[in-house]
Amino acid sequence: MAMSEDAAAAAETPETPTGTRRGRVRLKRSAWMAVPAVAAGAVLMALTAQGVLAAQFSISGMPFTITADKLDGKGFAQFGSLDSMIPDSPNQGSTGGQVLVAVSAIKKAEITNLCQSVDLGGVNLVIHAGDAGTPVSATDLTTDSDMLSGDAAFTNIEIGGDASTYTKAGNAGKGNPGVFGQQADTVVLTNLKQHNYASTAVGFKLPNLRLSFSSQGC
C-alpha cells in the first residue's frame, strides 16, 4: 500500500532512546483516521495492544495469528501507532522497517479457547490454552494488530478522544498526544481473529497449555 508524503517523512524520523518509541514518529492526525475505520471492526480486536511495556522492544517483523472463542475484558483502550524493527531487519520487506498498527490495551482479560500461531517458513509453531473449562487470564494485556475481526460489545464506550488522556485501560497503555483513540469500561469479543506484530502482559496465565509444530496455523 502506497504511503502518503507525510507518512513517508514520518517513517524516516530517527529513533529516540528506548522507552519513548511512540513519540519518535510524528504522523499527522489524518493518518490515524484510518484507525477508526479498522476500529469499528478494529476495536474488535481487543485482545491487545502495545502500550508502555511493549514500547521497550523492537519487533521481529514476523506476524503471528491469534484466535479465540471469546475475550471478556475490563478496561479497554485503542489507538494507532507504528511498530519498528531493528535497522536492516531481514524481515522488513517493503515496509522500511515500520508497520502501522491498531494498538489495543485491556486492564484485565479472560480468553476462552486461545490459539496462537506463527509461520516459521512452511512450519507453524502453534500454542493452545484455555480450552478445558478454565480461560486464559491476563493483566495489562496489549497487542499491536494490522488486521482483526469478530463480534464486539462495549459498555460506556468513548470514541474520538485524545489517546494520551485515556485511563480506563490503566497501565496497559495510552497513545501519543493528538492521536485518535477510543476507550470503554468493558469489552466482550466473540469469534476473535487477529494478525499481530507484538503482544505483552504484566501477568499471563495459560491453563492447559500445549505447544506443537504443525503444517497449519490457527
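Predicted model: local features only at pLDDT ≥ 70, side-chain atom pairs only at ≥ 80, totals over all residues.
Residues are numbered from 1 along each chain as its sequence is written, and side-chain values use heavy atoms, with hydrogens and water left out.

The disulfide joins cysteine 115 to cysteine 218, with an S to S distance of 1.9 Å. Because the torsion about the S-S bond of cysteine 115 and cysteine 218 is about -85°, the disulfide is left-handed. Cysteine 115 lies in strand β3 and cysteine 218 in the segment after β9 (210-214), so the pair ties together parts that are 103 residues apart in sequence; strands (E, at least two residues) and helices (H or I, at least four residues) are DSSP runs, numbered from the N terminus. With a relative accessible area of 6%, cysteine 115 is buried, whereas cysteine 218, at 29%, counts as partly exposed; buried denotes under 20% relative accessible area, exposed over 50%, and partly exposed the range in between (1.4 Å probe, protein chains only).

The structure also holds three salt bridges, each defined as a side-chain nitrogen of Lys or Arg within 4 Å of a carboxyl oxygen of Asp or Glu. In one of them, arginine 210 pairs with aspartate 131, and the closest N and O atoms are 2.9 Å apart. Since arginine 210 lies in strand β9 and aspartate 131 in the loop between β4 (124-129) and β5, this pair ties together parts that are 79 residues apart in sequence. Arginine 210 is partly exposed, at a relative accessible area of 34%, and aspartate 131 is partly exposed at 32%.

Glutamate 158 forms a salt bridge with lysine 168, the closest N and O atoms being 3.3 Å apart; glutamate 158 lies in strand β6 (residues 158-162) and lysine 168 in the loop between β6 and β7, so parts that are ten residues apart in sequence are tied together. Lysine 168 forms a further salt bridge with aspartate 185, for which the closest N and O atoms are 3.0 Å apart, and this pair links the loop between β6 and β7 to strand β7, the two residues being 17 residues apart. Through shared partners, Glu158, Lys168 and Asp185 are joined into one network.

One aromatic pair was identified, where rings of Phe, Tyr and Trp (its six-membered ring) pair if their centres lie within 6.5 Å, with planes under 30 degrees apart counted as stacked, over 60 as edge-to-face and the rest as tilted. The rings of phenylalanine 76 and phenylalanine 154 have centres 5.6 Å apart and planes at 40°, so the pair is tilted. Phenylalanine 76 in strand β1 and phenylalanine 154 in strand β5 are 78 residues apart, and their pair links distant parts of the chain. The relative accessible area of phenylalanine 76 is 0%, so this residue is buried, while phenylalanine 154 is partly exposed at 25%.

A nonpolar core is a set of buried Ala, Val, Leu, Ile, Met, Phe, Trp, Tyr and Cys residues joined through side-chain atoms within 4.5 Å. The largest such core has 18 residues, and those with the most contacts inside it are Leu71, Ile106, Ile111 and Val187. At least two residues of this core come from each of β1 (64-84), β2 (98-112), β3 (114-119), β5 (136-155) and β7 (180-200), and β1 gives the most, with five residues. Another core, of ten residues, lies apart from it and includes Phe79, Val101, Ala163 and Ala198.

Technical notes. Disulfide = S-S within 2.5 Å.
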